[in-house]
Protein chains: 2
Amino acid sequence: MTLIGHLSSTITISKALEKEIHAVSKKITVPKGQRILDIDERCTSLYFIEKGLIRGFHFVDGKEITNWFAQESEFATCFYSFIACKPSFENLQALEDCELVELSFSVLQNLYQQFPETERIGRMITENYYIKLEERILSLQFKTAKERYQKLALSKPSLLQRASLGQIASYLGITQETLSRIRSEA
Amino acid sequence: MTLIGHLSSTITISKALEKEIHAVSKKITVPKGQRILDIDERCTSLYFIEKGLIRGFHFVDGKEITNWFAQESEFATCFYSFIACKPSFENLQALEDCELVELSFSVLQNLYQQFPETERIGRMITENYYIKLEERILSLQFKTAKERYQKLALSKPSLLQRASLGQIASYLGITQETLSRIRSEA
DNA sequence: CCCATTTTTTGATAATTGTCAAAAACTTTC
DNA sequence: GAAAGTTTTTGACAATTATCAAAAAATGGG
């Protein structure tokens, strides 16, 4: 799905807006494994994923902890760093060869000014991020490891093949061994 | 702390803006125990807490689960319902007699228009909410029950006296019994 | 296609937290 | 200030998940 196609499901995109988005956005490709952002850098871009898979992760006691996965038709960024203009607390990494549309912070501010209808997009993205977090908390607080895995399997089935056991386990807040056992018994 | 005083630490409040805020906001008092918002209602107000304590909670298997506490100089609202204009998934309740400043959604939109510098406030509140959630997730995922309790004791010491064991336990994602044992051994 | 490396699985055991039940302590109300 | 209600504590036991170690399977580069 293209960025324009995705946005069209939320707001009506005029020809002028479509042109402007094309003009100010940048298509980039990122090879599998590459870092898109490092911890302590400022994250000044929002990435729309046309193809591929990205994760955010950081380190706890030397171990990688995956904070989120984002796949086709989703946005990826260190949301905190992006909105607060502060150093990122997480790395962004392509887990597959990716085709991305990059929108910089300043480009986005300009879009808001020129095309007020795009404000809704900004709000949507914020809400989206917020709601995902809410759900994750409820999940972590009240579901067993198995239930959390099953929920993920339902909402992002392809992820189970596309990300490694360790990446998924850390995202679910459990050890690799536990996730491996959950998989084998199911 | 008054609302104006609190906002002054972030942006410069002109006399005109101060007047306008006074004109469009509403001081309200809410007695201890009272619900401020019920599940499934639309949350159309943002509350600044000048005095008192509020919690957000919902039910899981008939049991109350506290999602957050907000005290003096903090904002309280069902953030999701407020920004997405959708029914709330949580109740808001005063845990003490409260003195609040109420700002409605539409009033806030008008403020953004008339006083562009207030946009930063909106962003701040959003960020604040988001960052609290982020921290909570990291806490739930990688800290033991005891560590989570100790962290809360450091960040909001007065809360330990002001909220009940059950409310705090559900917020920390543990049972009352476990929290009681953590307290007694410490 | 094979060796080296990484990832996943399996096993045994320990630690953490939950569940259920009942007693103790604290509050509220008349 | 005593009875009723609520909240907190304690105990015994069970379930879940982590830890450590090692084997098995999968992957990647030459």
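Let me begin with DNA strand C, which is surrounded by 16 residues; the closest are A:Leu165, A:Ser180, A:Ser184, B:Thr144 and B:Thr178. A residue is near a molecule or strand here if its C-beta atom, placed from the backbone, lies within 6 Å of it. Two or more residues of this surface come from each of α8 (165-172) and α9 of chain A, together with α6 (145-155) and α9 of chain B. Helices are DSSP runs (H or I, at least four residues), numbered from the N terminus.

Before I continue, please note that this is a predicted model, in which local features need pLDDT of at least 70, side-chain atom pairs count only at pLDDT 80 or more, and totals for chains, interfaces and linings use all residues. Residues are numbered from 1 along each chain as its sequence is written, while chains are lettered from A and ligands numbered from 1 in the order in which they are written.

Within the surface near DNA strand C, α9(A) provides the largest share, six residues. That surface comprises three nonpolar, eight polar and five charged residues. In this count Ala, Val, Leu, Ile, Met, Phe, Trp, Tyr, Cys and Pro are nonpolar, Asp, Glu, Lys and Arg are charged, and the others, Gly among them, are polar.

I turn to DNA strand D. Of the 16 residues around DNA strand D, those that come nearest are A:Thr144, A:Thr178, B:Leu165, B:Ser180 and B:Ser184. Here α9(B) gives the most, with six residues.

How are the two protein chains related?

The contact itself takes 19 residues from chain B and 19 residues from chain A, where contact requires C-beta atoms, placed from the backbone, within 7 Å. On the side of chain B that touches chain A, α5(B) gives the most, with 13 residues. The residues of that side are 12 nonpolar, three polar and four charged.

A:Ile49 touches several residues, including A:Ile54, A:Ala70, A:Cys98 and A:Leu100, when residues up to four places away in sequence are not counted.

Conventions:
Contact = placed C-beta atoms within 7 Å.
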